[in-house]
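Dear colleague,

Please find the structure below, handed over for your review. A summary of the findings follows it.

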Amino acid sequence: MEHIVIIGNGIAGVTTARHIRKLSDKKITIISAETDYFFSRTALMYVYMGHMKFEHTQPYENWFWEKNRIQLVHDYVTHVHAEDKVIPLKKGSPISYDKLVLATGSKPNKFGWPGQDLKGVQGLYSKQDLDTMEKIAPDNKNCQRAVIVGGGLIGIEMAEMLRSRKIPVTFLVREKSFWNGVLPAGESKLINEHILAHHIDLRLNTNLEEIIADENGFAKAVVTDKGDTIPCTLVGLTAGVTPNVGFLKDSNIAIKKGIVVNRLLETSAKDVYAIGDCAEQQEAIGNRRPIEAVWYTGRMMGETLAQTLCGNTTEYNPGHWFNSAKFLDIEYQTYGWVFSERHIKPYEQHFHWRHPKENICLTIAFHKDSNLFLGINTFGIRMRHPIFDKWLTEKRTAVYVLEHLKDANFDPEFYATHENAIVDQYNAEFGTSITPKKKSWKRIFNSH
Ligand SMILES: Cc1cc2nc3c(=O)[nH]c(=O)nc-3n(C[C@H](O)[C@H](O)[C@H](O)COP(=O)(O)OP(=O)(O)OC[C@H]3O[C@@H](n4cnc5c(N)ncnc54)[C@H](O)[C@@H]3O)c2cc1C
């Protein structure tokens, strides 16, 4: 019987295993150095914040794996001998495979800062990171200040976690406005204000120079490039992530930043595939980045690869870009492409609307000449994914989107709606006379 070995029990690896089992009787082994069982990485923050226990982040009961004949091995793979189809383990005996799936995820970036390996300096990625954070920052008596380095989605999550225990937080952000490489200026400004309103000491335009140790090798302060020394006992390194591929050095598998794959998710080595955060498309797909470190694309790659491994050769085809996240208590959604000023396309024009009082805004990107709808970002308004997916596929205009915006709104009933104000502003700015159409459940159901 063919033996499929998967390294990594994150969303990408586990999805592959589940779908192979649905489609076949192959022997499946998953190896992970992190935890015995799969858990939802995106929910780690809620464990620290006391909203759930770690066990609640595990989507499957522990018996699920044996019942589905998926063998789990808790060990670290030190190398891949692709010529012999063997992988050595740190503790156990080497394992042979017929097909190998690399789904080894990411690791937090470290840029060679002096003091980056001190105790009390950590990223927020793994279950081990969560455990360390619990130890170093159990409360504001043991941790009188934390400094977070790097303004992105994980940095803001870490700040929220620490603030939930009333630990003072200083947030060093290299850019002049939060996440402005991704978000257009108006949105980035809203998030700056929101961070400050949460009593987080946000320092924009500021780089980490050095982390200073105490006599026991623990971090006791950071020094910034502005010459400030900030005493702290926890330093969170959240300046992005990099594919976790160090163990593949000398494995004869092509690596750039991540493991290079084609649309079939094949690596340069025969019968070896890579998926999820650790994979790098040899040619970027549309406007997507060659490495996509997001949850749902890991799942999609897993589903796609399972088809190929079970005889139905299938290309990875992720469709329209979308994503969602939270900035403290503001929900953010994005569909299609809305670029920041740093990356805006020559043909791209933006319409930005912000609520006069509340933390609610949106940006619609469209083609300057044709008014073709390119994408939307929303903050504090929940939208329906299938509707935007359909409008992008149907190549609708921004005017059409605004006319039908009420169909897209997914906020619970009785929430205040803002479509009339949004359309009024668009009409005023662009000299149009759009009238928002009434919400139509028929149109909404037709989009599913
Ligand atoms: C705090 C946090 C919040 C996030 N929030 C969001 C979000 O809101 N939305 C979103 O889309 N994405 C989010 N992400 C990103 C998302 O979690 C990742 O894109 C996704 O989990 C990656 O899945 P994966 O299966 O590729 O890898 P991983 O989940 O990283 O799994 C890889 C596994 O392989 C193991 N491994 C690596 N090397 C070896 C080896 N040599 N031997 C044995 N085992 C090995 C690792 O220990 C790990 O357990 C978040 C990430 C973090 C850290």
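Beyond its neighbours within four places in sequence, Val 80 is in contact (heavy atoms within 4.5 Å) with Ile 7, Val 86, Ile 87, Tyr 97, Leu 100, Leu 102, Phe 247, Leu 248, Ser 251 and Ile 253. The model is a predicted one, in which local features need pLDDT of at least 70, side-chain atom pairs count only at pLDDT 80 or more, and totals for chains, interfaces and linings use all residues. Residues are numbered from 1 along each chain as its sequence is written, and side-chain values use heavy atoms, with hydrogens and water left out.

Val 80, Ile 87, Leu 100 and Leu 102 touch the most other members of the largest nonpolar core, which has 48 residues. Such a core is a set of buried Ala, Val, Leu, Ile, Met, Phe, Trp, Tyr and Cys residues joined through side-chain atoms within 4.5 Å; buried means under 20% relative accessible area, with a 1.4 Å probe and protein chains only. Helix H1 (residues 11-23), a DSSP run of H or I with at least four residues, supplies the largest share of this core, five residues. A second, separate core of 40 residues includes Cys 143, Ile 148, Met 161 and Trp 179.

Trp 65 lies in helix H3 (residues 63-67) and counts as buried because its relative accessibility is 3%. Leaving aside neighbours within four places in sequence, its contacts are Val 14, Ile 30, Tyr 37, Phe 38, Tyr 60, Ile 70 and Leu 72. The C-alpha atoms of Trp 65 and Arg 18 are separated by 9.3 Å, although the two are 47 residues apart along the chain.

Kind regards

Technical notes. Buried means under 20% relative accessible area, exposed over 50%, partly exposed in between (1.4 Å probe, protein chains only). Helices (H or I, at least four residues) and strands (E, at least two) are DSSP runs, numbered from the N terminus.
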